[in-house]
Amino acid sequence: MINLSTTYLGLPLRSPIIAGSSGITNNIRNIIELDKQGVGAVVLKSLFEEQILNEASKTLHQGEGLGGYPEALDYIGQYTRHNALNEYLNLIRECKKAVSMPIIASINCVSASEWIQFAYSIQEAGADAIELNIFLLPSDPYRSAEDHEAVYFQIIDAIKSKITIPISIKISPYFSGLAKTAIQLSWTGIKGIVLFNRFFSPDIDIENETVASGFTFSNAADIAMPLRWVAMLRPRVQCDLCASSGVDSGEAVVKLLLAGANAVQTTSALYKHGTAEIGIMNNFLADWMTRKGYQSIAEFNGKLSIENAMNPAAYERVQFMKHFAGIE
Ligand SMILES: Cc1cc2nc3c(=O)[nH]c(=O)nc-3n(C[C@H](O)[C@H](O)[C@H](O)COP(=O)(O)O)c2cc1C
């Protein structure tokens with residue numbers, strides 16, 4: 001039996017394949033199913049900073065009939081916040097009782113605000129690590145890249161003072177200096193960076209001529225982004241790298257491990273093919289390792305990162321030179 005075990009964020013994983021945060025990882029039934037398939041770890045559905053604040057303000061609005069007693073309204077706001085949080089904490093506790101793999105809690109955040117208080121409770125409930133999905137779209141034309149990037153460091157600083165469990169951050173590729181920022185982030189004491197989050201993407205409905213929601217799920221070609229950046233950042237960052245986006249087959253898992261990912265996350269594939277996809281990916285990885293004569297992940301992990309690849313320039317290349325110049 002091939003050994004697929006590895007470590008991620010300092011946690012032992014029986015497989016480098018992690019179920020990414022989504023509605024699938026929001027209930028104990030699915031998590032037990034994923035466990036049966038041999039998943040390495042699970043990132044729970046995120047608790048949204050925005051969602052918590054919105055829920056509280058919605059209840060405050062509904063409470064207007066209370067005649068404007070500010071203390072009562074404040075109590076309802078607090079209650080709602082604790083309710084959302086309690087459900088989350090209960091899920092963590094249930095998971096810790098039901099399965100032995102690491103449970104990674106997840107928070108979607110955009111600032112170092114009130115949600116940071118929740119982090120300690122999440123740790124107390126038994127989460128093995130916290131993944132912060134810092135989802136800032138740098139779309140404000142009056143905000144500089146420095147201002148934008150400072151938020152990441154502020155959030156990490158604030159949460160580090162509250163908890164001792166490992167922290168990872170999930171980032172988007174929208175940085176003007178992605179390599180430098182990722183390297184600096186890796187010096188803050190976080191244990192891992194997840195490359196990359198996938199934003200909700202708008203589409204256009206050409207019949208109704210309206211802006212619509214689109215592209216919920218990724219496809220196989222989407223691994224190109226994490227593959228390039230994992231390979232280029234692997235020798236330069238001082239923390240783990242986890243690849244996310246487009247991991248929809250065992251082949252993609254192998255590619256990303258060769259590029260240097262310590263682990264990978266898959267989400268869309270679970271929606272499209274079900275939780276059994278984890279077992280299929282694990283089997284592919286084990287068969288490939290057997291065929292190649294590898295006994296452990298460590299033997300080939302990072303073999304094709306930029307420092308080890310025979311042709312490292314391929315990762316830096318941005319133009320289709322052969323294509324444009326007609327060179328074969
Ligand atoms: C339906 C759906 C819900 C998601 N919910 C979350 C979430 O709550 N928190 C989060 O960090 N990422 C969330 N994601 C993003 C995924 O965790 C993942 O980063 C992204 O889908 C890219 O991976 P994939 O190509 O394997 O789907 C969600 C993705 C999908 C498709």
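This briefing describes selected strands, crossovers, backbone details and a surface patch of one protein model. The model is predicted, so local features need pLDDT of at least 70 and side-chain atom pairs count only at pLDDT 80 or more, while totals for chains, interfaces and linings use all residues. Residues are numbered from 1 along each chain as its sequence is written, and side-chain values use heavy atoms, with hydrogens and water left out.

- Strand β7 covers residues 129–134 and includes I134, where strands are DSSP runs of E with at least two residues, helices are runs of H or I with at least four residues, and both are numbered from the N terminus.
- Six of the six residues of β7 are buried, a term that means under 20% relative accessible area, whereas exposed means over 50% and partly exposed lies in between (1.4 Å probe, protein chains only).
- A129, E131 and N133 point one way from β7, I130, L132 and I134 point the other way, and all are buried.
- I134 counts as buried because its relative accessibility is 1%; its C-alpha atom is separated by 8.9 Å from that of V151, which is 17 residues away along the chain.
- Strand β6 (residues 103–109) pairs with β7 in the parallel sense over six bridges, pairing being assigned if DSSP finds at least two bridges between two strands, and C109 has I134 as its bridge partner in β7.
- β7 also pairs in the parallel sense with strand β8 (residues 167–171), over four bridges, and here L132 stands opposite I169 in β8.

**Crossovers at β7**

- β6, helix α4 (residues 116–125) and β7 make a right-handed β-α-β unit, right-handed meaning that, with the strands pointing away from the viewer, the path from the first strand over the helix to the second runs clockwise.
- A right-handed β-α-β unit is also made by β7, helix α5 (residues 145–160) and β8.

**Strand β13 and its surroundings**

- Strand β13 (residues 263–266) is covered on both faces, with A263 and Q265 buried on one side and V264 and T266 buried on the other.
- Three bridges join β13 to strand β3 (residues 17–19), which runs parallel to it, and β13 also pairs in the parallel sense with strand β12 (residues 240–244) over three bridges.
- Q265 in β13 stands opposite I18 and also opposite S244.
- β12, helix α8 (residues 250–259) and β13 make a right-handed β-α-β unit.
- T266 counts as buried because its relative accessibility is 1%, and its side chain reaches the backbone oxygen of V247 at 2.7 Å.

**Backbone details in loops**

- The peptide bond from L195 to F196 is cis, with omega near 10 degrees, and F196 is found in the loop between β9 (192–195) and β10.
- E209, although not a glycine, has a positive phi of about 50 degrees; this residue is in the loop between β10 and β11 (210–214) and counts as exposed because its relative accessibility is 69%.
- S245, in the loop between β12 and α8, is another residue other than glycine with a positive phi, near 115 degrees, but S245 is buried, with a relative accessible area of 16%.

**A nonpolar surface patch**

- I204, I206 and V211 form a nonpolar patch on the surface, with about 360 Å² of accessible area together.
- I204 lies in strand β10 (residues 201–205) and counts as exposed because its relative accessibility is 57%.
- Patches are made of residues with over 30% relative accessible area and no salt bridge, with like charges joined within 9 Å and nonpolar side chains (Val, Leu, Ile, Met, Phe, Trp, Tyr) within 5 Å; a salt bridge is a side-chain nitrogen of Lys or Arg within 4 Å of a carboxyl oxygen of Asp or Glu.
- Accessible areas come from the Shrake-Rupley method with a 1.4 Å probe, and for residues only the protein chains shown count as cover.

Terms used. A polar contact is a pair of N or O atoms within 3.5 Å; within protein, one must be able to donate a hydrogen and the other to accept it, and residues adjacent in sequence count only if both atoms are side-chain atoms.
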